[in-house]
Amino acid sequence: MREALRQAAAAVEVGEVPVGAVVVRDGDIVAAAHNQRETLHDPTAHAEMIAITQAAAALGSWRLAGCTLYVTLEPCPMCAGAIVNSRLPRVVYGAIDPKAGAVESLYQLLTDARLNHESAVTSGVLAGECGDLLRAFFRARRNK
């Protein structure tokens, strides 16, 4: 999660919403990314989406068996869908997202037995630091 936080801090440096994600397999980081929606002019360029794509390329498979996704903010419905479709067995996230969270807050897509895959979820890891980074970013934006 510390590396995901570093990725989120890097997002701030380029004017992106500070969300960072890393994919880990066998204790090694195989992908690391931060939000790039503004940079790429791409509404799908969330940290999770980029990290999942990087991990699939690095591992040579769209099935991310044996991997864990660490992300600083609860994934949205789009990212939760990508998590299900990539068969990620475990997701660890920091801050909850009461407006768009699709893991526990608004929806529970990763543990919905009606879908073709379920992921184990650990929430609240370094939640204070993850949330503080987001709050500071949006506070600075409002003050401009």
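Because the model is predicted, local features need pLDDT of at least 70 and side-chain atom pairs count only at pLDDT 80 or more, whereas totals for chains, interfaces and linings use all residues. Residues are numbered from 1 along each chain as its sequence is written, and side-chain values use heavy atoms, with hydrogens and water left out.

An unreviewed UniProt entry lists residues 1-104 as "domain: CMP/dCMP-type deaminase"; UniProt positions are given in the numbering used here, feature names are shortened, and annotations may be inferred rather than shown by experiment. The span 1-104 is 37% helix and 25% strand, and its end C-alpha atoms lie 19 Å apart. Helices (H or I, at least four residues) and strands (E, at least two) are DSSP runs numbered from the N terminus.

The largest pocket has a volume of about 640 Å³. A pocket is an open set of points on a 1 Å grid over the protein atoms alone where a 1.4 Å probe fits, with protein on both sides within 12 Å along at least five of seven lines; lining residues have an atom within 4 Å of a point. Grid points are joined across faces, edges and corners, and the volume is the space filled by probe spheres set on the points. The lining of the largest pocket comprises 23 residues, and Leu 73, Ile 96, Asp 97, Leu 134 and Phe 138 lie nearest its centre. By class, 12 lining residues are nonpolar, 3 polar and 8 charged (nonpolar: Ala, Val, Leu, Ile, Met, Phe, Trp, Tyr, Cys and Pro; charged: Asp, Glu, Lys and Arg; polar: the others, Gly among them). Helix H5, residues 127-143, gives the most to this lining, with 6 residues.

The whole structure holds 1 aromatic pair. Phe 137 and Phe 138 form this pair in an edge-to-face arrangement, at 5.1 Å centre to centre with 80 degrees between the planes. Rings of Phe, Tyr and Trp (its six-membered ring) pair if their centres lie within 6.5 Å; planes under 30 degrees apart count as stacked, over 60 as edge-to-face and the rest as tilted. Phe 137 is buried at 10% relative accessibility, while Phe 138 is partly exposed at 33%. Buried means under 20% relative accessible area, exposed over 50% and partly exposed in between (1.4 Å probe, protein chains only).

The search finds 4 salt bridges in the whole structure, each defined as a side-chain nitrogen of Lys or Arg within 4 Å of a carboxyl oxygen of Asp or Glu. One of them joins Arg 2 and Glu 129 at 2.6 Å, N to O. Arg 2 lies in helix H1 (residues 2-13) and Glu 129 in helix H5, so the pair ties together parts that are 127 residues apart in sequence. Arg 2 is partly exposed at 43%, as is Glu 129 at 36%. Another bridge links Asp 132 and Arg 135 at 2.7 Å, N to O; both residues lie in helix H5, 3 residues apart, about one turn of the helix. Asp 112 and Arg 114 also meet in a salt bridge (2.6 Å, N to O). Arg 114 is exposed at 76% relative accessibility, but Asp 112 is buried at 16%.

Pro 75 is placed in the loop between strand S3 (67-73) and helix H4 (77-85). Pro 75 counts as buried, at 0% relative accessibility. Pro 75 and Pro 18 are 57 residues apart in sequence and 13 Å apart in space, C-alpha to C-alpha.
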